[in-house]
Amino acid sequence: MNISQIMRSLYLHVWRYREIERVHRRYVEKLDRKRPVNVVFFAMSVSMWRYQHLYELLAKDSRFNATIVLSPSIDYTLEQQRRDVEQMRAYFGAKDIGFVDCDVEHAENGAFDVATELKPDVLFYPQPYENLLVPEHDCKRFYDKMICYYPYAFWTSKGKWSYNFHFHNMAWRLYYSTALHLKEAQKTAQNKGRNVRVVGYANADDFLAKTHKDNWRKIDDGKQRKRLIWAPHYAIVQEFGLIQRAKFLW
């Protein structure tokens, strides 16, 4: 580590991350007196949308004004962005849920300005990476607000990319599944995981819903069968410098 890296690390760890915690504490005090609280959910794709139950709860609560904003990853090809937006439109449309639409064809003209139009207090992101969404939706623009994050998957890996990016240290709350994830954040993140809260595996809520449908083919022969799901990672090709993390092509 060179001198500039050491100085940046000291700046972030000793001052910036501590200062943003103070900013957040003051903002929480402000929200105690504000009604309604404006909440924005960024939806990047249907496959990564994990906030459905939370959105439904907030949408029914008069203390909150919840809005879903479609915002596909700009790291993907234009074709993939179009496909993701069409799938999200169909998904939310089928549930009769309103949303702020996205026009990927004319993104060069500027996207929907969330800060100006919605004045968000709390923002939920689908992934913990900077420069993943258009500048108008990028997390860097909202670090002084209450940024929240719940992983779309159950993390089984360790290291910086899972726990110690700038986002992890600047967000207000990171909601993780188990005490093991909290322990890893405390060991890996520069802020020692002070913004982490353990909430269980929220994705499993789908199985508790009354509307849950069992999609397995039924075989009425009286035998018990094990069910096997083979789900390789979605990044099966090497694009944008990403490694081939799935074994599907191998």
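Which side chains meet in a salt bridge at 3.7 Å, N to O? In this predicted model, in which residues are numbered from 1 along each chain as its sequence is written, local features need a pLDDT of at least 70, side-chain atom pairs count only at pLDDT 80 or more, and totals for chains, interfaces and linings use all residues. Side-chain values use heavy atoms, with hydrogens and water left out.

The pair in question is Arg 26 and Glu 19. A salt bridge is defined as a side-chain nitrogen of Lys or Arg within 4 Å of a carboxyl oxygen of Asp or Glu, and by this rule the count comes to 12. Arg 26 is partly exposed at 47% relative accessibility, whereas Glu 19 is buried at 18%. A salt bridge also joins Asp 61 to Arg 63, at 2.7 Å from N to O; Arg 63 has a relative accessible area of 42% and is partly exposed. In the pair formed by Arg 225 and Asp 221, the closest N and O atoms are 3.0 Å apart. Arg 225 is partly exposed at 47%, and Asp 221 is partly exposed at 37%. Salt bridges that share partners link Glu 19, Arg 22 and Arg 26 into one network.

Helices (H or I, at least four residues) and strands (E, at least two) are DSSP runs, numbered from the N terminus. Helix α3 spans residues 78–94 and has 17 residues. The distance from its first C-alpha to its last is 24 Å, close to the 24 Å expected at 1.5 Å a residue, where the expected span is 1.5 Å times one less than the number of residues. The buried residues in α3 are Gln 81, Asp 84, Val 85, Met 88 and Phe 92. They lie on the same side of α3 because they cover an arc of only 100° around the axis, the arc being that of the directions from the helix axis to the C-beta atoms. An α-helix has 3.6 residues a turn, so residues three or four places apart point the same way. The buried residues of α3 pack against β1 (37–43), α2 (52–59) and β2 (64–70), with contact meaning heavy atoms within 4.5 Å. On the face turned away from the buried side, α3 carries the exposed residues Glu 79 and Ala 94. Asp 96, which follows α3, has a positive phi, near 55°.

In α2, the residues Gln 52, Tyr 55 and Leu 58 are buried. These residues are on the same side of α2 because their arc around the axis is only 130°. The cover over the buried residues of α2 includes β1, β2 and α3.

The loop between β2 and α3 contains Ser 73, which is buried, with a relative accessible area of 0%. Residues touched by Ser 73 are Met 44, Gln 81, Leu 132 and Leu 133, not counting residues up to four places away in sequence. The side chain of Ser 73 also reaches the backbone nitrogen of Asp 75 at 3.1 Å.

A search of the whole structure for disulfides (pairs of cysteine sulfur atoms within 2.5 Å) finds 0. Cys 139 is buried at 2% relative accessible area, and Cys 148 is buried at 1%.

Conventions: Buried means under 20% relative accessible area, exposed over 50%, partly exposed in between (1.4 Å probe, protein chains only). A polar contact is a pair of N or O atoms within 3.5 Å; within protein, one must be able to donate a hydrogen and the other to accept it, and residues adjacent in sequence count only if both atoms are side-chain atoms.
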